[in-house]
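Please consult the sequence and the structure shown here while reading.

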Amino acid sequence: MWDELPFLERLQRNRSDLYDASWTCPSCSLSAKENWNHLCSCPAYTKDFQGLNIATHSNIIEAIKCHAPKAHLTPTWKRDLAALSCWELLNTSPTPNFSFDLLLRGFIPLNLVNYIKTLRIASTTVTAIIAESVTATQLIFRKTIWHTRCEQMVAFEKNMGIDACTKKSNAFTYLIDHIHNKVQVQELLHLLSPVSRIGSLGT
Ligand SMILES: [Zn+2]
């Protein structure tokens, strides 16, 4: 699902007839390609991502209290939980690190699992705690950041003269052109193939 999100960069690649390659993020004034990495660092959503980060952290604490009421959540334990790399908004360190955007996309960091396990909670319960919290985070993301971003995108498209009708009416022509170009390339490759060349020499 995350790889399918219709970011401008993806639209520029798939519908170059409608989306100019020079267009940049419709939500901010930075001259940046709009894709997942940019969204996570886009200044227009910095506060929303920070809020989402805090909400996820709180959700995990609340889910632990719900699923494992006997777990001893000390201030030190909570502080060390907050220090895990999975809360960093984007991986900025030179070494590969598990950052919050991966957690948001549903990847579960092993260090988070192992850290919750230190509370002597069964593995299946730890999985349920994290899954429940991440699902809630994804829902908040869709209703806040992604919803706002889509509104920005619709306004941007309107500004550029792109609407639902344009997308549909141009889609068929674009597809035909695309197929036509592909056929030409295939014909060229066939003419250059060894079998084709032998055939040509024999005639
Ligand atoms: Zn931006």
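**The nonpolar cores**

In this predicted model, the largest nonpolar core consists of twelve residues: Ile-60, Ala-63, Ile-64, Cys-86, Phe-100, Leu-103, Leu-104, Leu-112, Ile-116, Val-126, Ile-129 and Ile-130. A nonpolar core is a set of buried Ala, Val, Leu, Ile, Met, Phe, Trp, Tyr and Cys residues joined through C-beta atoms within 7 Å; a residue is buried if 20 or more other C-beta atoms lie within 10 Å of its own, exposed if 12 or fewer, and partly exposed in between, with C-beta atoms placed from the backbone. At least two residues of this core come from each of helix 3 (46-67), helix 5 (100-104), helix 6 (110-117) and helix 7 (123-159). Apart from this core lies another, of eight residues, including Cys-25, Leu-39, Tyr-45 and Phe-49.

Overall, the protein has nine helices and zero strands, these being DSSP runs numbered from the N terminus (helices: H or I, at least four residues; strands: E, at least two). Of its 203 residues, 14% count as buried.

**Confidence**

The average pLDDT, the predictor's confidence in each residue from 0 to 100, is 84, and 80% of the residues score at least 70. Over residues 191-203, pLDDT stays under 50. Where pLDDT is low, the predicted coordinates should not be read in detail.

Residues are numbered from 1 along each chain as its sequence is written. As the model is predicted, local features need pLDDT of at least 70 and side-chain atom pairs count only at pLDDT 80 or more, while totals for chains, interfaces and linings use all residues.

Methods:
Contact = placed C-beta atoms within 7 Å.
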